[in-house]
Amino acid sequence: MKDISLDLSNLQDFYSNNEFSLLANKYDEINQFLHNKTGKGNEFLGWLNLPSTIPGKEIDNIKLISEEIKSKVDFVVVIGIGGSYLGSRAVIEALSNNFHQYKTNGKFPQILYAGQNISEDYMYELLSFLKDKSFAIVVISKSGTTTEPAIAFRLLKKELEKSLSTDEVNKRIIAITDKSKGALKQLANQENYRTFNIPDDVGGRFSVLTAVGLLPIAIAGFDIEKLLEGAKDMSKATSTDVSFENNIAAQYAVARNVLYNKGKTNEILVNYNPKLHYIAEWWKQLYGESEGKDNKGIFPASVNFTTDLHSMGQYIQDGLRNLFETIISVNETKYKLEIPTDNDNLDKLNYIAGKRLSAVNKMAELGTKIAHLDGNVPVIRIEIPEINEYFLGQLIYFFEKACAISGYYLGVNPFDQPGVEAYKKNMFALLGKPGFEEETEKIKKRI
Ligand code: PA5
């Protein structure tokens with residue numbers, strides 16, 4: 001079967017061959033940063049070889065624990081934020097039935113999420129919903145000290161404690177965190193939770209192919225080995241010894257940097273399938289946190305088409321011309337459905353009766369692409385044969401690799417996120433966290 005592929009053929013009118021070659025020729029230098037680990041943030045390159053280095057024992061353990069949890073509870077709450085949450089949700093939503101939450105007799109537990117906001121109503125409603133349900137918790141935090149998941153964990157743990165023995169509560173909590181440091185690790189040791197470690201050299205947003213992503217995905221009933229196999233094949237296809245001409249991750253990174261240099265500062269990830277909504281959320285975090293720094297970076301945005309053609313479509317077609325689009329185009333649907341004939345034909349749809357919805361969706365995609373190109377929006381296309389574990393593994397690795405290369409082209413450290421600290425510092429100062437007294441004094445004068 002065909003692999004994921006990249007189509008840059010629609011960019012010809014937006015830059016010259018020379019402009020593209022200028023950056024492409026620098027690829028060897030960028031490639032060395034990854035190959036020899038000499039670039040910025042080189043202590044966080046563990047994700048590069050993850051698909052082939054993740055120990056078999058770790059996979060067995062993930063499968064074992066997921067089987068136990070699956071047989072025991074109806075719901076699993078995955079607690080985490082940012083890189084500790086988005087990767088697993090992206091894969092689970094992409095692979096799940098669109099209406100899975102309404103199915104009551106599923107073979108696998110429903111996955112719920114918490115710790116990715118501090119909304120009182122969200123947590124109240126979640127706790128109320130879980131009151132009479134059997135549930136387990138997978139709590140994920142690399143640092144083990146992030147406020148949002150810590151609050152959610154405290155509340156959900158108390159909920160478990162209301163109806164279960166301490167021993168059973170501790171069996172229902174799985175912690176994924178640093179191997180030695182952080183409050184979560186300390187608590188896990190104290191309470192004897194089962195734990196998985198997040199490798200030191202893998203940052204949050206690059207951690208979906210560790211237990212961070214794999215355990216929730218396995219609990220949801222999906223094949224993590226296929227996911228890893230796809231990622232492994234993509235790691236080979238984009239490895240440091242593959243030339244630029246054959247390396248789609250390097251080509252995507254260069255194309256987006258050439259466009260950026262020409263004033264196309266906003267990239268919109270487009271899908272035509274609502275199941276990919278969270279892939280876009282994961283992608284936005286990956287690229288936004290990796291590239292948006294030092295007053296530079298492409299702003300990553302996303303839309304779900306055709307839904308958003310009736311809202312954001314106007315801006316994309318006609319608004320400020322600083323946009324380019326990257327379409328994730330899926331070739332095969334899982335199911336087949338034709339548009340029926342109607343004798344009255346009042347809706348005038350009989351001209352497409354007998355056509356599959358996917359054929360209409362494809363024409364919407366093609367028509368929109370041409371319209372946006374005409375509207376001076378460069379369009380990149382990533383083609384996926386179908387949505388399954390294997391191709392999602394390929395896609396994840398492709399985006400991770402391209403992100404690192406692109407960040408190095410931009411001249412930033414793709415693996416840190418110093419900007420995230422600013423809001424935390426202010427929030428702690430406003431809440432009066434011990435150790436933030438000076439900041440509290442300062443911020444009080446500003447409100
Ligand atoms: O990519 C990152 O490093 C961040 O988005 C983190 O994943 C996020 O802030 C959550 O951090 P932690 O896992 O330490 O709770």
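Predicted model: local features only at pLDDT ≥ 70, side-chain atom pairs only at ≥ 80, totals over all residues.
Local features are taken at pLDDT of at least 70 and side-chain atom pairs at pLDDT 80 or more, while totals for chains, interfaces and linings use all residues. Residues are numbered from 1 along each chain as its sequence is written, and side-chain values rest on heavy atoms, with hydrogens and water left out.

The chain is split into domain 1 (5-39 + 228-410) and domain 2 (50-222); such bounds come from an automatic or database domain assignment. Taken over C-alpha atoms, the two domain centres sit 30 Å apart. Where the domains touch, 23 residues of domain 1 are in contact with 24 residues of domain 2, contact meaning heavy atoms within 4.5 Å. The size of an interface is often given as the accessible area lost when the parts come together. Here domain 1 and domain 2 bury about 2,100 Å² between them, with 69% of it on carbon and sulfur atoms (buried area is the accessible area, with a 1.4 Å probe, that two parts lose on being put together, summed over both). On the domain 1 side, Leu228, Lys275 and Tyr278 supply 33% of the area buried against domain 2, more than any other three residues.

Next come the salt bridges, each defined as a side-chain nitrogen of Lys or Arg within 4 Å of a carboxyl oxygen of Asp or Glu. That rule gives a count of 26, and it finds one across the interface of domain 1 and domain 2. In the pair of Glu289 and Arg205, the closest N and O atoms are 3.0 Å apart. Glu68 is bridged to Arg194, with 2.9 Å between the closest N and O atoms. Since Glu68 belongs to helix H4 (residues 56-72) and Arg194 to strand E6 (residues 194-197), this pair ties together parts 126 residues apart in sequence. Helices (H or I, at least four residues) and strands (E, at least two) are DSSP runs, numbered from the N terminus.

As for helix packing, H5 (residues 86-95) and H10 (residues 211-219) pack at about 35°, their axes 8 Å apart. Axes are lines fitted to C-alpha atoms, for helices over the stretch in contact, and angles run from 0 to 180 degrees between N-to-C directions. Ser88, Val91 and Ile92 of H5 meet Val212, Gly213, Pro216 and Ile217 of H10.

Most residues other than glycine have a negative phi, and most peptide bonds are trans. The bond from Phe305 to Thr306, though, is cis, with omega near 5°, and Thr306 lies in the loop between strand E8 (299-304) and helix H14 (313-318). Asn345, not a glycine, has a positive phi of about 50° and is found between strand E9 (323-332) and helix H15 (357-374), in the loop. Asn376 has a positive phi of about 70°, and its place is the loop between H15 and strand E10 (379-386).
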